[in-house]
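Q: I'm new to this structure and would like a close look at its sheet. Could you walk me through how the strands sit together and what packs on them?

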Amino acid sequence: DGTFETHHTVDKFWEKAEADAAFAGTKGPGVVKAVTARKNTRRPPTPYNTTAFSTDASSRLGITPASAMRIAEDLYMDGFISYPRTDNTVYPPSLPVRELVSSLVRIKEFSAAAGLLDQPELKATRGKKETTDHPPIYPTQAIQPGALEGPKKRVYELVVRRFLATFSPPMITESTRADIEAGSETYFVRGSVVVDPGFAAIYTYARSADEEIPALQEGQSLDLAAVPVDQKAGLLNDR
């Protein structure tokens, strides 16, 4: 029901005559010639080292790397997270994982990861570098809402969500593309939806909005609503 937008298989027409010909050749009804769907699996992230943490704090939270490190060091001094200056991306065997996860998922903000406790074994992802000096960055205790505020709360939440994500299953998405023939011209529409959020249920920063498309079938006939033309003129300086 309703309308949806398709795109010509030619991304941009550089010659006006070619664009005019495509415009004139586009006739309704459109006929769906092919529909292809593919599932994609995205692995959960690895434990935080300093570089990955500061990069995420900047891209996910809009906090500069320098400010993020100062906040992380304050949280470390308060006993809320582990030492934030580390190259390690593998949790040590001594980490009380199940106890820590159990305390974290009791907090409402992190309850989306409660299903982790149903797993017989909590097995984390592993990064490429393992050292014995400092572990990856992880939350050392669960903090009730209201104990932190402002940037400290956001950074702590980022660390918790990343930690829980490292024990979570992959995210599965499905990409769909439909090719539609309209007169002499071919158009396509594509979208992507999350089939199983996996780790993105708790590591919400990783989930993008669904781009749903209609449930089209091969051979289906579609009415043509409009053929818009986006014309942009450019100026060339003669030197």
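A: Let's start with strand β2 (residues 30-42) and strand β3 (residues 171-182), which run antiparallel and are joined by twelve bridges. Strands here are DSSP runs of E with at least two residues, helices are runs of H or I with at least four, and both are numbered from the N terminus. This is a predicted model, where local features need pLDDT of at least 70 and side-chain atom pairs count only at pLDDT 80 or more, while totals for chains, interfaces and linings use all residues. Residues are numbered from 1 along each chain as its sequence is written, and side-chain values use heavy atoms, with hydrogens and water left out.

Across from V35 you'll find A178 of β3. Also in strand β3 is D179, whose side chain makes a polar contact of 2.9 Å with that of R177 (a pair of N or O atoms within 3.5 Å; within protein, one must be able to donate a hydrogen and the other to accept it, and residues adjacent in sequence count only if both atoms are side-chain atoms). Beyond its neighbours within four places in sequence, D179 is in contact (heavy atoms within 4.5 Å) with V31, V32, K33, A34, Y187 and F188.

Now zoom out: the open sheet has five strands in the order β1-β4-β3-β2-β5, with antiparallel pairing (two strands pair if DSSP finds at least two bridges between them). β1 (7-8) and β5 (221-222) are at the edges with a single partner strand each, so one side of each has no neighbour in the sheet. Helix α1 (residues 16-25) packs on the sheet, touching β1, β3 and β4 (185-196). The direction of α1 makes about 80° with that of β4 (axes are lines fitted to C-alpha atoms, for helices over the stretch in contact, and angles run from 0 to 180 degrees between N-to-C directions).
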